[in-house]
Amino acid sequence: ASRVLPKACGASLSVDFALLGVQDVCQRLPMSRRLFQAYNRALLNRPVLTKSVTSGVLFGGGDLIQQSLAQRGSGEPWSYDWGRTARMTAFGAGFVGPALHFWYRALDRLVPATLSYAPIRKVLVDQTVAAPTMLFSFFTIVGTLEGHSPSQIRQTLSGGKYVEALVTNYKVWPLAMTVNFSVVPLQFRVMFANAVGLFFNAYLSYIQHREQDDPSIHEENM
């Protein structure tokens, strides 16, 4: 399979698009091609802003998925907490997008592609350093945005939620990041991580808000 994106898609990228399925999409869907061109131009012109917007949309989307799942089958009229979604969006846009942009660039310098087993080494560093830091930041920043006190945030971090989320992270992300570091070009790695992470974001929203989404849990803990 060709390793160069066709000119019809507006870019030339060294990645196995047979694996990612992008080449077929670009050839068959004109709208997809135009969206890809626009996104690629935005990445080139304003990389941090573009990745921030992408992260914000997918964190907000993850929260909406979780709220929908929590209300499904409840028999109650559906009602979304848009403030909660806005806070999740703000965390994705204001922290995750910029942080991952600079982290992936630093990681490429720290672990050059010329090293043996470079993708595996990157995954090990990423999951040792970035994963615990990102989850710590999630519970701290989102908790602060929700008006939690420092003692409440410490309780969240030490009361099992943080460890539970970290264990789940290690079930999902090592394989996903191996693909990310192996075949995805640097400028698209934040987008790939966010796309894979959409449902993990829904899971994080569940962990952070499960007492709110399921009042019976709150009653059991009282």
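Biologist: Is the crossing of H6 and H9 left-handed or right-handed?
Modeller: The crossing of H6 and H9 is right-handed; the term applies if the near helix is turned clockwise from the far one by less than a right angle, and left-handed if anticlockwise. This is a predicted model, where local features need pLDDT of at least 70, side-chain atom pairs count only at pLDDT 80 or more, and totals for chains, interfaces and linings use all residues. Residues are numbered from 1 along each chain, and side-chain values use heavy atoms, without hydrogens and water.

Biologist: Why is H6 called oblique to H9?
Modeller: The axes of helix H6 (residues 118-145) and H9 cross at roughly 45° and come within 13 Å. That makes H6 oblique to H9, because angles under 35 degrees are roughly parallel, 65 to 115 roughly perpendicular, over 145 roughly antiparallel, and the rest oblique.

Biologist: Which residues of H6 and H9 meet?
Modeller: Among them are Phe 138, Phe 139 and Val 142 in H6, and Phe 200, Leu 204 and Ile 207 in H9. Contact means heavy atoms within 4.5 Å. The residues of this contact divide into seven nonpolar, three polar and two charged.

Biologist: Why are H4 and H5 oblique to each other?
Modeller: Helix H4 (residues 47-71) and helix H5 (residues 82-110) pack at about 140°, with axes 6 Å apart. H4 and H5 are therefore oblique. H4 passes H5 in a right-handed crossing, and the residues of their contact divide into 11 nonpolar, 11 polar and four charged.

Biologist: How many aromatic pairs are there, and what makes a pair?
Modeller: The structure holds nine. Rings of Phe, Tyr and Trp (its six-membered ring) pair if their centres lie within 6.5 Å; planes under 30 degrees apart are stacked, over 60 edge-to-face, and the rest tilted. Phe 59 and Phe 91 lie 5.4 Å centre to centre with 75° between the planes, an edge-to-face pair. Phe 59 is in helix H4 and Phe 91 in helix H5, 32 residues apart.

Biologist: What makes the pair of Phe 200 and Tyr 203 tilted?
Modeller: The planes of Phe 200 and Tyr 203 are 40° apart, with 5.6 Å centre to centre. Being three residues apart in helix H9 (residues 189-213), Phe 200 and Tyr 203 are separated by about one helical turn.

Biologist: Why does Phe 200 count as buried?
Modeller: Phe 200 has 9% relative accessibility, so it counts as buried, which means under 20%, with exposed over 50% and partly exposed in between (1.4 Å probe, protein chains only). Tyr 203, at 18%, is buried. Both Phe 59 and Phe 91 are buried.

Biologist: Which residues do ring pairs link into a cluster?
Modeller: The cluster holds Phe 59, Phe 91, Phe 95, Phe 138 and Phe 139.

Terms used
Axes fitted to C-alpha atoms, helices over the stretch in contact; angles between N-to-C directions. Helix = DSSP H or I, 4+ residues; strand = E, 2+ residues; numbered from the N terminus. Nonpolar A, V, L, I, M, F, W, Y, C, P; charged D, E, K, R; others polar.
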